[in-house]
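Thank you for asking for a reading of this model.

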Amino acid sequence: MATFPDRGREQGKTFTKQLIIIVTGEYLHNVKLGTCESLYYTTYDQLKNWQVSGKDEFLKLDSGYRFRFPFPDEKNKIGDYDDYNRGWSITIPKGIFTMNHGKKFLRTDSDLNIKNAVPMGFYVDCPTTIKAYRWNNEGNESYEIVQQKFCTDEETGDPMLQTVFRCPYCGELARANVTEAKAISDYLSEQSKQIEKHDPQKAEYLIKIAITIINGYLIKEAI
Ligand SMILES: [Zn+2]
């Protein structure tokens with residue numbers, strides 16, 4: 001359940017009321033899979049391999065559901081993940097992946113540290129779309145790997161488990177097409193080689209992530 005303050009003016013008096021919105025979850029045999037279209041408590045393969053009835057509506061092609069990305073370090077049971085909103089950060093060369101960015105809400109008092117003034121809140125374009133924001137790390141962009149979606153590829157018409165990325169600044173989500181996924185995977189593999197000697201553990205993790213991304217794009221059997 002989430003609560004949102006709803007401020008308004010009524011009969012000359014300022015009042016604040018609580019607008020209560022009940023967010024219902026997606027359950028299967030009393031196990032919570034996620035909320036709405038976001039099934040953050042199960043990977044696609046976990047649900048597919050679970051021997052229960054009623055799962056096909058979630059697994060079928062173009063169902064609209066997004067599944068937890070199978071992070072290589074996770075061995076959790078279905079429905080038993082601590083961080084439902086987990087994102088694994090990557091920094092990649094600008095241009096190999098594109099998405100439509102949204103807005104970011106800022107407060108003058110807490111986000112900009114402007115004191116001794118009436119606090120104001122306002123929306124700004126995502127910093128990644130503002131050219132002047134990059135005073136360092138020019139040429140690179142950061143995203144988070146969050147989920148996978150079983151859908152028909154727009155270019156080839158083939159069923160695929162596409163990786164969903166999140167912008168860490170504005171929170172927008174977007175899927176990578178085949179070309180983008182391959183470029184990202186190749187880049188992570190190259191990064192892995194470069195750090196292999198001084199950080200073999202991270203190098204191994206990078207390779208596993210790269211392979212997991214690409215595995216999703218091998219043609220899947222539609223349910
Ligand atoms: Zn953004």
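1. Overall make-up. This is a predicted model, and everything said here should be read as a description of that prediction. The protein holds 4 helices and 12 strands, and of its 223 residues 22% are buried. When contacts between residues at least 6 apart in sequence are considered, 58% of them join residues at least 24 apart.

2. The length of helix α3.

3. Which residues of α3 are buried? They are E180, A181, I184, S185, L188 and S192. Viewed down the helix axis these buried residues fall within an arc of 130 degrees, and they therefore line one face of α3. The face turned away from that buried side carries T179, E190, K193 and Q194, which are exposed. As for what the buried residues of α3 pack against, the partners are β7 (88-93), β11 (159-166) and α4 (200-217).

4. Helix α4 considered in the same way. The 18 residues of α4 should span 26 Å at 1.5 Å a residue, and since its end C-alpha atoms are 27 Å apart, the model agrees with that expectation. The buried residues of α4 are L206, I209, A210, I213, G216 and Y217. Around the axis they cover an arc of only 130 degrees, which means that they sit on the same side of α4. On the other side of this helix, P200 and Q201 are exposed. The elements that cover the buried residues of α4 include β7, β10 (140-152), β11 and α3.

5. How α3 and α4 meet. The two helices pack at an angle of about 165 degrees, and their axes are 8 Å apart. An angle over 145 degrees counts as roughly antiparallel, and α3 and α4 are therefore roughly antiparallel to each other. Their crossing is left-handed. On the α3 side the residues that take part include V178, A181, I184, L188 and I195, while those they meet in α4 include K202, L206, I209, I213 and Y217.

6. P159 is found in strand β11. Is P159 exposed, partly exposed or buried? It is partly exposed, because 18 other C-beta atoms lie within 10 Å, whereas a residue needs 20 or more to count as buried. Leaving aside neighbours within four places in sequence, P159 is in contact with L61, F150, T152, I219, K220 and A222. The C-alpha atoms of P159 and D62 are separated by 8.6 Å, although the two residues are 97 residues apart along the chain.

7. T152, one of those contacts. T152 lies in strand β10 and is partly exposed, with 14 other C-beta atoms within 10 Å. Beyond its neighbours within four places in sequence, T152 is in contact with L61, D62, G157 and P159. T152 and A222 are 70 residues apart in sequence, and their C-alpha atoms are 9.4 Å apart in space.

8. Two residues with a positive phi. D62 lies in the loop between α2 (56-59) and β6, and its phi is near 60 degrees, which is a positive value in a residue other than glycine. D62 counts as exposed, because it has 11 C-beta neighbours inside 10 Å. N30 is placed in the loop between β3 (25-28) and β4 (31-35); its phi is near 70 degrees, again a positive value in a residue other than glycine. N30 is exposed, with 6 other C-beta atoms within 10 Å.

9. A further loop residue. N85 has its place in the loop between β6 (66-68) and β7. With 10 other C-beta atoms within 10 Å, N85 is exposed. The C-alpha atoms of N85 and Y41 are separated by 9.6 Å, while along the chain the two residues are 44 residues apart.

Key: Residues are numbered from 1 along each chain as its sequence is written. This is a predicted model: local features need pLDDT of at least 70, side-chain atom pairs count only at pLDDT 80 or more; totals for chains, interfaces and linings use all residues. A residue is buried if 20 or more other C-beta atoms lie within 10 Å of its own, exposed if 12 or fewer, and partly exposed in between; C-beta atoms are placed from the backbone. The arc is that of the directions from the helix axis to the C-beta atoms. Two residues are in contact if their C-beta atoms, placed from the backbone, lie within 7 Å. Axes are lines fitted to C-alpha atoms, for helices over the stretch in contact, and angles run from 0 to 180 degrees between N-to-C directions. Angles under 35 degrees count as roughly parallel, over 145 as roughly antiparallel, 65 to 115 as roughly perpendicular and the rest as oblique. A crossing is left-handed if the near helix is turned anticlockwise from the far one by less than a right angle, and right-handed if clockwise. The expected span of a helix is 1.5 Å times one less than its number of residues.
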